[in-house]
Amino acid sequence: MSDSPQIIVLFSGGLDSLLTAKLLERQGLAVRCLHFYSPFFGGEAVAARWRKIYDLDIVTQDVGPQFAAMLRQRPEHGFGKVLNPCVDCKILLLREARKYMESVGAKALASGEVLGQRPMSQRRDTLNVIMRDAAVADILLRPLCAKHLPPTPVEESGLVDRSRLLGIWGRGRTEQLSLAKEYGIKEIPTPGGGCRLTERENARRYWLVLTRLPEPSASDFTLANLGRQFWHSEGQNHYWLCVGRNSADNDLLAAAAGPDDLILRMRDMPGPLALARNGALWPEDVLRTACQMTASYAPKAVATGGDVFVRARRGEEFTDISVPTQRCEDLWNEPAWDEIKGVIRAEARERQAAQDAAKAAAREARYEAERLEAGREDDPTGA
């Protein structure tokens, strides 16, 4: 790890960020890669492997809490085709990267963005909005497409040589693959953003967490990535059940249990582990149907043809509940993406209409103030 990095590269683990780091290293700069992770993208565990195969100085930082807060408030620039807040994501990451850059005494930030590569976040106008709203115009460099953009303060300062930066444009990868070969990169990262918010199956889970929990946290969104997901609603009360698909899910669900959660599993035979979020606070009848749902995914339990016991555990306390094994999908289910999509779009339209009305009111207020000011100037008496 460099003791005194000169430039911080936002490092997703994709080919563009990898090439950005290598390109700047070739200019003799001390480069440090900053990998952000959250329930929706990235991961701390992969950094060790990247360090080894790419020979880069890479540090990681969890932005899950900040990302969850942004989703709770709704992204200012809206969602993409699914639930992806690409523009607000870039702004958030650049703001956090600036804080890190300043904390380690580096002089600039660099990202692997390529003009025209992504329709929502890498248009010329959007790149400018991101730079403005993240307040990084004085320190941000986009080395892969720099020659399609005006010279930046980073280049003008002499920190980097603009003539050795690139002018890649568009969605193709031919130039990037050629550059990777030139740099001797043998393991090429697969294309794609790797963001779970762009995937419908994940997005429908996140939307339910976002709208059915009073204050969803990063840990809630992480939980939504695990196992089978079921919800049961009674009026304004929403109950959330996660059922493991395999032993890996079971272990992760057990580790994710909070103080008011219940762990559900078969008492007398093998079966899945389930997590009832805040299950210790559930009504008895709701908990019983959750235990029944859990038992319905245990083949040996179903094979008995009768009632079985499910153990509901909270810490060292537990209760054994006898339930049938018939699946109660009328009570516990997960809406399809097409249902959720309509709700997301409707909320977006309402939010846009409110923003448009606020802007119109602000324009009207400015117009009225200017009219009154002009009237005072035309009246020398000030009356």
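Author: A nonpolar core is a set of buried Ala, Val, Leu, Ile, Met, Phe, Trp, Tyr and Cys residues joined through side-chain atoms within 4.5 Å. This model is predicted.

Reader: What makes up the largest nonpolar core here?

Author: The largest nonpolar core has 55 residues. Phe-67, Leu-83 and Leu-109 have the most contacts inside it. Helix α4 (residues 86–104) gives the most to this core, nine residues.

Reader: Which residues does Leu-83 contact, beyond its neighbours within four places in sequence?

Author: Those are Leu-197, Ala-203, Tyr-206, Trp-207 and Ile-344. Contact requires heavy atoms within 4.5 Å.

Reader: How do you know that β1 and β4 pair?

Author: Pairing takes at least two bridges. Three bridges join β1 (residues 7–10) to β4 (residues 108–110), and the two strands run parallel. Therefore they count as a pair. Ile-8 stands opposite Leu-109 in β4.

Reader: What makes β3 and β5 edge strands?

Author: The open sheet runs β3-β2-β1-β4-β5, with parallel pairing. β3 (58–62) and β5 (140–141) each have a single partner strand, so one side of each is left without a neighbour in the sheet.

Reader: Why are some residues of helix α5 called buried?

Author: Buried means under 20% relative accessible area. In α5 (residues 124–133), the buried residues are Thr-126, Leu-127, Ile-130, Met-131 and Asp-133, so each falls under that cut-off. They pack against α4 and β5.

Key:
Residues numbered from 1 in each chain as written. Predicted model: local features only at pLDDT ≥ 70, side-chain atom pairs only at ≥ 80, totals over all residues. Heavy atoms only, no water. Buried < 20%, exposed > 50% of the residue type's maximum accessible area, 1.4 Å probe, protein only. Helix = DSSP H or I, 4+ residues; strand = E, 2+ residues; numbered from the N terminus.
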